[in-house]
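Please take me through this structure one selection at a time, telling me what to pick out in the viewer and what I will find there.

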Amino acid sequence: MEAEYNPHAIEKRWQQRWLEEKTFATGRGGEKYYLLEMFPYPSGKIHMGHVRNYSIGDVVARYQRMQGRDVLHPMGWDAFGMPAENAAIAHGVHPAAWTRRNIDEMRAQLRRMGFSYDWDRELATCDPDYYRWEQVFFLKMLEKGLVYKKKSQVNWCETCQTVLANEQVENGCCWRCGEETEGKDLEQWFFRITAYAEELLAGCDELKEGWPERVITMQKNWIGKSVGAEIDFPVEGRELKITVFTTRQDTLYGATFMSLAPDHPLAAELARGTGQEEAVAAFVDKMRRQERSDRDLAQLEKEGVFTGSYCLNPVTGRKMPIYLANFVLSGYGTGAVMAVPAHDQRDFEFARMYDLPIIVVIQPEGEERLDPATLTEAYTGEGVLVNSDRFDGCPNRKALDLIAAYLEEQGIGKKAITYRLRDWGVSRQRYWGAPIPIIYCDKCGVVPVPEKDLPVTLPEDVDLDGSGGSPLARVESFVKTTCPQCGAAARRETDTMDTFVESSWYYMRYACADYDQGPLEREAVDKWLPVDHYIGGIEHAILHLLYSRFFTRVLRDLGYIKFSEPFTRLLTQGMVIKDGAKMSKSKGNVVDPNALIEKYGADTARMFSLFASPPELDLEWNDQGVEGSFRFLSRLWRLVYALLPALNGVEAYNGSIAEVPAAYAGLRRKTHQTISRVRSDVEERMHFNTAISAVMELVNELKSYSCDQAREDEILAALLREAVETVILLLAPIVPHICEELWAEIGGSGELAYAPLPEVDPDSLIEDTVLVVVQINGKVRERLTVARDLDSEEVKKLALASSRVQKYTDGKTLRKVIVIPNKLVNIVV
C-alpha cells in the first residue's frame with residue numbers, strides 16, 4: 001500500500017475492473033430495486049448539476065446493492081432535440097455525427113465519475129431501433145382516438161423555428177433559447193392527454209407517500225380541475241351564442257358585459273359590419289405577440305377592445321357589450337368570461353377603466369350594504385343574494401347548485417367540469433426528431449404508415465440552412481412516396497415529434513433494451529417496473545413527469561403494461577449555485593467537472609457534491625469545501641496505512657460490549673452510533689451530508705489509537721478492525737474508488753460493491769453516562785453527568801452537594817427529594 005493517496009491511479013484501476021467484470025449488471029438475486037436518474041441530453045460535457053444528480057442516484061443504487069437487492073441502474077441519452085440541429089446549422093456538422101460524438105465524450109466522463117451503471121442497457125432515443133416503437137405507439141394511439149390533427153394557434157419560436165407546447169413557454173419565452181415567442185396558426189398533431197385529466201388528478205393522491213408535496217401541488221394546479229356551469233349567452237341580432245364556463249354561477253344576475261380571449265374564434269365575426277373591424281384586428285395582432293399566463297394575469301394592466309356586438313344575459317335579458325380582453329385565456333374554459341365587476345377584481349378594474357355598469361348581487365350579512373358607486377374594489381366574500389330575482393335572500397354558496405339546476409331546467413346552461421390542462425401538441429417543424437408515421441394521399445386522405453414498414457427513418461442527405469419550416473419538407477426523396485392503400489403517388493408527413501415523447505417512456509425500455517420483437521418485453525417490464533426511485537430536477541415537475549404519467553396510462557390501456565404510475569418515489573434535487581446564481585455559461589460561473597477530477601479525483605467531486613447540502617436543497621459551490629473533501633480522503637488513507645500492520649490477519653470484533661475493557665468501550669460505542677446514524681440518515685431522510693459527518697467523527701476517534709497499541713492488545717486490534725471496516729462500508733456508496741482500494745488492502749471479504757452493510761448492536765448504543773436534570777420547585781437549576789443506573793441515593797447526594805443547587809437550598813427546609821433514575825432529581829424546598 002502506498003503511503004500517500006493517489007486518486008487517479010486508484011480510480012482508473014477500479015473503473016476498468018468494474019467495466020470488464022460487469023460488476024453492476026443485474027441478476028445477482030434479491031428483491032428488485034429500480035433506481036433511475038433523469039437521462040441527460042448529450043450536449044458534449046457533463047456539468048456540476050449532472051455530477052450532483054448522478055452522485056445522489058449512485059449512492060442510492062450502491063446502498064441498495066449492499067442491502068442485498070437486485071438493482072437496475074441504467075443510463076442512456078435523450079438524444080433528439082434542437083441543440084443538435086442548431087449546431088449543425090452553425091458549424092456544418094450533421095446532427096447525428098454531433099450527437100454521437102457528444103455521447104462518446106459524455107459516456108467517458110460519466111465512467112470517470114465511477115457511477116455504477118449497467119452499460120449493457122444503454123440506449124439513445126435517436127436510434128431507429130428506439131423510435132420505431134414510438135412510431136408504433138403513435139399508430140396505436142391514432143386507432144384509439146388518442147391522436148388527432150387540427151389547425152390551432154400554437155406557440156412559435158422564431159429563433160428555433162419550431163412549435164412549443166404551452167409548458168415549454170416560460171414567461172413568454174422559449175424554454176430552450178430564451179427568445180420571445182409569438183402565436184401562429186398551424187395544422188398540428190395532438191395527443192389527447194385531456195382524456196386522462198381526471199385519472200391523472202386522482203392519481204396525485206396515490207403519490208403522496210413517495211413524491212414531494214410541492215411537485216404534487218404543481219401537477220394538480222396544471223391539470224386545474226374546476227366545477228361549475230356552462231351558460232349560453234345569445235348574441236343580439238345574430239344566430240350566434242357565446243358559451244361561458246364559470247365557477248360562480250351564483251353571480252350570474254350581476255353579469256354586465258362579456259370578455260373574450262383575443263384569439264377567440266368568434267372575435268373577427270363579432271366585429272364584422274360594426275365599424276370595429278380594424279380596432280379588433282389591431283388588438284388581436286398585438287396580443288399574439290404577448291404571452292400571458294396565470295402567474296401574471298393578476299398584475300397585468302387591464303386592456304381590451306369593444307367588438308361592436310352585444311349579447312344578452314340569459315336570466316335578466318340585460319344587453320351586455322362584448323369585449324376582447326387581455327386577461328382572458330383561450331386555454332381555460334371556453335375562452336369567454338361573463339364579467340361580474342362587483343364580485344371579481346379583474347372585471348372590476350376593467351369596468352372602471354371602460355366605464356361599464358356594476359351591479360351588486362351578493363351582500364355580506366350583518367355589514368353595511370354595498371353601493372356600486374362607492375366600491376373601491378370587488379367584494380369577493382360570501383353573503384346572501386340580492387338583485388337576483390327568485391334567488392334573493394339565498395346564501396350564495398347554496399345558490400351555486402340551485403342556479404345550476406335552474407339553468408338546466410330552462411335549457412340555457414348545465415352543470416359542468418373543466419380542466420386547465422390542454423391536449424399535448426406534438427408536431428415540431430424540425431429535422432432532428434422522430435418522424436411522424438403518416439402519409440397524405442389525394443385519394444385516400446390521411447393514411448397511417450403500415451407497421452411492417454416502420455421505422456420511418458430520417459434521411460441523412462438533409463440541408464440544414466436555418467431558413468425555417470421543416471427541413472424534411474425540402475428532402476424530395478423523403479417526402480415522395482406511394483400510398484400504402486391505393487398505390488398512388490403520396491407525400492410523407494414532414495413534422496417530427498416533440499422530444500418529450502421520447503422521454504415519456506424510455507424508463508420502460510431500459511428493462512428490455514435489446515428486445516427486438518416489440519417495444520416492451522412483458523416479463524422484463526413486469527419484473528422491473530415501476531421505477532422504485534426517480535431522481536431529477538424540480539424544473540421537470542410539470543413537463544416530463546406529467547407526460548410520463550400520461551404515457552404510462554396509455555400504454556397500460558393499449559395492453560403493454562399493467563401499472564399506472566411510472567415512479568413510486570421521487571427526489572427532486574436542488575440546483576448548484578455559485579456566486580449567488582445557478583451555474584451557467586452565460587453567467588461565467590461554471591465549474592468544469594473534468595478540471596475538478598484532474599486535480600482531486602472523482603471521489604472528491606462526489607463527496608463534495610453530497611456533503612455540502614441535503615439533496616433537496618440548493619448546493620452553494622465552495623472551493624474550500626472541495627479542498628476539505630480531498631483532505632479528509634487523504635487523512636482516511638493515511639489512517640488506514642498507519643493501522644494496516646495491526647489489522648492484517650485480525651477478525652473484526654463481534655462480541656458483546658460488556659466484554660470490552662472500559663478503556664475501549666467508547667470506541668465500540670462510537671462505531672455503532674455511527675452505523676445507526678448513517679443508516680438512519682440515508683434510509684429515512686437521504687441526508688448524505690449528515691451521514692458523511694457522522695463517519696468523519698468516527699475517523700477522528702480512530703486517530704486516538706496507534707498501530708503499536710493495537711499490536712499489543714488483541715481486543716483493541718479487533719475493535720479497530722471493526723471500526724475501519726465500518727468506515728469503509730459506510731463510505732463505499734459515496735466514495736467507491738478509495739473504499740474499494742482500502743477494502744482490498746485490509747483483506748476485506750468478497751466484493752465491496754455487494755458486501756452487506758454493517759448492522760447495529762443495540763447494546764453498544766447505550767452510553768455509560770447519562771445527563772440528569774435537577775429541578776428545584778419546578779425550575780431547572782442544574783444538570784449532572786452521572787454513571788448510568790447509579791444508585792438513587794448516590795444521585796441524590798451528588799445533586800444536593802452541587803454548589804448551584806445549594807445556592808437555592810441553603811437556609812431552607814427540604815420538604816421532598818424525588819429521584820427518577822437516569823433522568824431527573826426533583827427537589828421541593
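**A tour of selected helices**

Begin by selecting helix H2, which is largely enclosed by the rest of the structure, because 18 of its 19 residues are buried. As you look, keep in mind that this is a predicted model. With H2 (residues 48-66) still selected, compare its ends: the end C-alpha atoms lie 27 Å apart, which agrees with the 27 Å that its 19 residues should span at 1.5 Å a residue. Then move on to Gly68, which follows H2 and has a positive phi, near 90°.

Next, select helix H20 (residues 662-685) together with helix H21 (residues 688-702), which pack with their axes 8 Å apart and at an angle of about 170°. Since angles over 145 degrees count as roughly antiparallel, that makes H20 roughly antiparallel to H21. To see where the two helices meet, show the side chains of H20 residues including Leu667, Thr671, Thr674, Val678 and Val682, and of H21 residues including Phe688, Ala691, Ala694, Val695 and Leu702. The residues of this contact of H20 with H21 divide into nine nonpolar, five charged and four polar.

Finally, select helix H23 (residues 714-731), whose 18 residues reach 26 Å from the first C-alpha to the last, close to the 26 Å expected at 1.5 Å a residue. H23 is mostly covered, with 16 of its 18 residues buried.

Definitions and conventions:
Residues numbered from 1 in each chain as written. Predicted model: local features only at pLDDT ≥ 70, side-chain atom pairs only at ≥ 80, totals over all residues. Heavy atoms only, no water. Helix = DSSP H or I, 4+ residues; strand = E, 2+ residues; numbered from the N terminus. Expected span 1.5 Å × (residues − 1). Buried < 20%, exposed > 50% of the residue type's maximum accessible area, 1.4 Å probe, protein only. Axes fitted to C-alpha atoms, helices over the stretch in contact; angles between N-to-C directions. Parallel < 35°, antiparallel > 145°, perpendicular 65-115°, else oblique. Contact = heavy atoms within 4.5 Å. Nonpolar A, V, L, I, M, F, W, Y, C, P; charged D, E, K, R; others polar.
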